Amino acid sequence: MTSGRRTPNDVYVPGHGDPRFGVEHYRLVLTCTLEGNQLSGRATLTARSVERLDRFELDLFGLRVHKVRVDGQPAAKYDLRRHKLVVRPRATIPADTPFTVEVSYAGSPRPMPGPDGEAGWEELADGLIVASQPHGAPSWFPCNDRPDDKATYEFEVTAPQGYTVLTNSSSTGQRRRASSTTWQFEPTAPMATYLATLQVGRYVQVDHPPAGSDVPVRSWCVPGRAAAVTQAFGGQPAMMSFFESRFGDYPFSAYSAVVTDDDLEIPLEAQGLSIFGANLVRRDWSAQRLIAHELAHQWFGNSVTIRHWRDIWLHEGFACYAEWLWSEESGGESADAHARSHHRRLSGLRQDLVLVDPGPDLMFDDRVYKRGALALHALRGHVGDEAFFGLLRAWTTRHAHGSVTTEDFAALVTDLIGAPAAASMEPWLNDPTLPPLPG
Ligand SMILES: [Zn+2]
């Protein structure tokens with residue numbers, strides 16, 4: 001979806017995205033062959049130019065392109081170099097004009113390397129996952145890979161018989177053939193490219209009884225793990241209703257936790273769905289905090305999404321603070337106790353991180369998470385619970401399905417609470433030295 005302000009390519013994820021156009025809708029028709037890890041796809045992008053285009057770029061990594069059509073006509077020329085598909089249409093596209101691009105492609109997808117390691121498509125022992133944050137989307141579909149270019153998505157996925165296919169929205173139906181099934185999905189809410197996902201496994205659905213919220217909450221796992229997953233992930237409905245009371249209505253139609261049969265290094269959020277390894281099927285706090293963290297990303301990250309990666313604290317600081325809130329709510333340590341112990345720990349670490357621009361190397365540094373949560377806890381202490389949680393609900397409502405910056409957050413604090421409250425946050429956001437925790 002084209003946004004008002006255009007931004008140059010993000011230095012945190014260099015070389016991704018083309019700011020000269022925006023995508024409004026992706027239709028992805030995919031066939032997955034698990035044997036040999038093969039993918040063939042047809043992506044139809046409904047886009048709008050920002051400026052006059054005699055050529056434009058899509059991001060696509062490690063796959064072969066067979067055909068590119070622009071507005072139904074074969075492209076005059078296209079060229080796939082490294083992870084850039086450069087397309088020259090037959091006729092120049094004027095500024096601010098809708099156009100469609102259809103790309104037929106195939107190959108054996110693999111995770112895309114980046115400054116923070118690999119991301120995107122990943123083969124499992126028996127199935128596959130897509131976990132793209134921050135740069136992995138081009139590993140499975142041609143896209144305008146910028147977090148601020150939100151679009152709606154429609155998926156149609158064919159996979160071998162006996163496997164469950166999950167994407168960001170609920171399945172609306174399946175067509176069975178002798179050896180494969182084609183799964184259709186309802187259109188998604190607007191979504192950033194890195195949050196689009198595909199999960200294929202021999203999964204069964206685990207329903208969790210509701211706990212005060214109408215939002216369907218499900219987990220998915222192999223049959224042999226269903227009992228353990230029912231236990232370990234059974235707190236999610238209570239987390240859902242607690243987070244709705246603090247953060248406002250859940251922004252999507254349902255929530256799923258996919259638990260792979262493989263261990264995964266870290267859990268990861270996608271829109272409407274989070275991915276956990278078998279190693280997190282546990283009831284202890286170190287697993288429960290991550291289950292709460294990924295759910296909180298549905299508000300902070302997936303609905304309200306950063307325009308630039310440098311503002312990552314708006315995702316991770318908020319999700320980390322949600323862990324502390326859930327700890328207190330579920331009878332564990334109070335949010336204040338978490339804040340004080342992490343503040344003590346951070347005080348002993350290097351004071352060289354600026355929260356609003358940590359740099360690409362420190363983008364996912366633990367200090368971004370903890371200091372971001374501390375900044376929120378300090379603000380809460382300064383303004384009181386009523387103003388603080390009112391602010392969080394206004395943030396998720398005003399910017400639902402939108403793109404934001406730290407300046408937008410500061411402007412909302414000023415608007416709802418006042419300039420002194422916004423000023424109280426500045427040292428937390430801008431100074432490398434950790435400010436003292438009030439109280
Ligand atoms: Zn996170």
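This section describes the annotated domains, strands, cores and cysteines of a predicted model.

Residues are numbered from 1 along each chain as its sequence is written, and side-chain values use heavy atoms, with hydrogens and water left out. In this predicted model, local features require pLDDT of at least 70 and side-chain atom pairs count only at pLDDT 80 or more, while totals for chains, interfaces and linings use all residues.

The feature "domain: Aminopeptidase N-like N-terminal" covers residues 24-195 according to UniProt. That span is 0% helix and 52% strand, and its end C-alpha atoms lie 15 Å apart. Helices (H or I, at least four residues) and strands (E, at least two) are DSSP runs, numbered from the N terminus. The feature "domain: Peptidase M1 membrane alanine aminopeptidase" is placed by UniProt at residues 236-428. Residues 236-428 are 55% helix and 9% strand, with end C-alpha atoms 31 Å apart.

Strand 1 (residues 21-33) is joined to strand 2 by twelve bridges in the antiparallel sense; two strands are said to pair if DSSP finds at least two bridges between them. Within this pairing, R48 of strand 2 stands opposite G22. The two strands form a hairpin with four residues between them, and G36 in the turn has a positive phi of about 80 degrees. Strand 2 also pairs with strand 8 (residues 98-107), again in the antiparallel sense, over ten bridges, and A43 faces V103 of strand 8 across this pairing. In a regular strand the side chains alternate between the two faces of the sheet. Strand 2 (residues 38-49) has a covered face made up of L39, G41, A43, L45, A47 and S49, whereas Q38, S40, R42, T44, T46 and R48 form the uncovered one.

An open sheet of three strands has the order 3-7-6, with antiparallel pairing. Its edge strands, each pairing on one side only, are strand 3 (56-59) and strand 6 (77-81). On average, neighbouring strands of this sheet are turned by 20 degrees against each other, direction ignored; the axes are lines fitted to C-alpha atoms, for helices over the stretch in contact, and angles run from 0 to 180 degrees between N-to-C directions. Strand 6 and strand 7 (residues 84-88) run antiparallel and are joined by five bridges, with K77 opposite R88 in strand 7.

An open sheet of four strands, also antiparallel in its pairing, has the order 9-10-15-12. Strand 9 (120-124) and strand 12 (164-166) are the edge strands, each of which pairs on one side only. The bridge partner of G120 in strand 10 is A131.

The largest nonpolar core has 128 residues, and those with the most contacts inside it are W140, L198, F243, W313 and F409. Helix 4 (residues 313-329) gives the largest share of this core, ten residues. A second, separate core of 13 residues includes L124, I129, V222 and L264. A nonpolar core is a set of buried Ala, Val, Leu, Ile, Met, Phe, Trp, Tyr and Cys residues joined through side-chain atoms within 4.5 Å. Residues count as buried under 20% relative accessible area, as exposed over 50%, and as partly exposed in between (1.4 Å probe, protein chains only).

W313 lies in helix 4 and is buried, with a relative accessible area of 0%. Leaving aside neighbours within four places in sequence, W313 is in contact (heavy atoms within 4.5 Å) with F318, L355, V356, V368, G372, L376, T406, F409, M425 and L429. The C-alpha atoms of W313 and G372 are separated by 5.5 Å, although these residues are 59 residues apart along the chain. With the same exclusion of neighbours within four places, the contacts of F243 are G248, A292, L295, A296, W299, A322 and W326.

The structure holds zero disulfides, a disulfide being a pair of cysteine sulfur atoms within 2.5 Å. For C143, the closest cysteine sulfur belongs to C32 and is 16 Å away, too far for a bond. C143 counts as buried because its relative accessibility is 0%. C221 is likewise buried, with a relative accessible area of 0%.

Note on methods: UniProt positions renumbered as here; feature names shortened; annotations may be inferred.
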